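Q: I have a structure open here and would like to talk it through. Could you go over it with me?

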Amino acid sequence: MKTLEIIGFKRANLDSAALNEIRDSGNVPCVVYGPGIPEQIHFYSPAILFRDLIYTPDVHLVELNIEGTIIKAVLKETQFHPVSEVLLHADFMAFTEDKPIKFEIPVKIEGSSPGIAKGGKLEFKTRKLKVKGLAKDLPDYIITNISNLDLGKSFKVGELQPEGFEILTSPNVSIVTIGIPRALRGKKAE
């Protein structure tokens, strides 16, 4: 899995005036916590560094460089302004290499479906799956092969065979479905 570096600077003042000042200067207030560190650390980081982490379909492990201290983490949660959609806050969870982490991995579609060739429509039901495993074993994406899907058929999570990690999403959840267009539904009824 890809790793992205985020440079941060510790912050001592946690009141709202200090947070607004941090945001006004083009930075994002952040916190990192979890089993990988002894206590949570409040810091801020330039907002531009989050572009490749948040505004992409890919997932990344994060290497936080907080004033020279390197912490391996994953992005756990983000908060955006409801109107301007500016990033307001980011939470990171530190992890250790020897303990499994829970993470969401995107799904990648592979193959060509006979149902699509007949006029069906590919419908995504879920774009990410929740998984658990060691950070070194987590893939960049989970491949879903749709070569056997005909009209009206679905590919479910239970059909995947992960290696080195466990999928926590229910096996009954559909990943993709080949939808039957209205025009084809009428022809089948005749």
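This is a predicted model: local features need pLDDT of at least 70, side-chain atom pairs count only at pLDDT 80 or more; totals for chains, interfaces and linings use all residues.

Q: In which sense do β2 and β3 pair?
A: Strand β2 (residues 27-33) and β3 pair in the antiparallel sense, over 6 bridges. Within that pairing, Val31 stands opposite His42 in β3.

Q: What about β1 and β4, parallel or antiparallel?
A: β1 and β4 run parallel and are joined by 6 bridges, with Leu4 standing opposite Val62 in β4. In general, strands of a sheet pair through backbone hydrogen bonds, in either of the two senses.

Q: How many residues of β4 are buried?
A: Strand β4 (residues 61-66) is mostly covered, since 5 of its 6 residues are buried.

Q: Where does β4 go next, I mean what does it form with β5?
A: β4 and β5 form a hairpin that has 2 residues between the strands, and Glu67 in the turn has a positive phi of about 50°. The two strands pair in the antiparallel sense over 5 bridges, β5 being residues 69-80, and Asn65 stands opposite Ile70 in β5.

Q: Switching to Lys10, which residues is it in contact with?
A: If we leave aside its neighbours within four places in sequence, Lys10 is in contact with Ile41, His42, Phe43, Tyr44, Ile66 and Glu67. Glu67 is the residue of the hairpin turn with the positive phi, and Lys10 itself has its place in strand β1 (residues 3-10).

Q: How far apart are Lys10 and Ser45 in space?
A: From C-alpha to C-alpha they are 9.0 Å apart, although Lys10 and Ser45 are 35 residues apart in sequence.

Q: Now the aromatics: how many aromatic pairs does the structure hold?
A: The structure holds 4 aromatic pairs. In one of them, the rings of Phe50 and Phe92 have their centres 6.2 Å apart and their planes at 35°, so that pair is tilted.

Q: What does the Phe50 and Phe92 pair tie together?
A: Phe50 lies in the loop between β3 (41-46) and α2 (51-54), whereas Phe92 lies in strand β6 (residues 87-94), so the pair ties together parts that are 42 residues apart in sequence.

Q: Which charged end sits over the ring of Phe124?
A: That is Arg127, whose charged end sits over the ring of Phe124 at 4.0 Å from its centre.

Q: Last topic, the chain as a whole: how many helices and strands does it have?
A: The chain has 4 helices and 13 strands. Its radius of gyration is 21 Å, well over the 16 Å that the globule rule gives for 190 residues, so the chain is more spread out than a compact globule. Along the principal axes, its C-alpha atoms fill a box of roughly 70 × 40 × 20 Å.

Q: What share of the residues counts as buried?
A: Of the 190 residues of the chain, 37% count as buried.

Terms used:
Residues are numbered from 1 along each chain as its sequence is written. Side-chain values use heavy atoms; hydrogens and water are left out. Rings of Phe, Tyr and Trp (its six-membered ring) pair if their centres lie within 6.5 Å; planes under 30 degrees apart count as stacked, over 60 as edge-to-face and the rest as tilted. A charge sits over a ring if NZ of Lys or CZ of Arg is within 6 Å of the ring centre and within 35 degrees of the ring normal. Two strands pair if DSSP finds at least two bridges between them. The radius of gyration is taken over C-alpha atoms; the globule rule is 2.2 Å times the number of residues to the power 0.38. Buried means under 20% relative accessible area, exposed over 50%, partly exposed in between (1.4 Å probe, protein chains only). Contact means heavy atoms within 4.5 Å.
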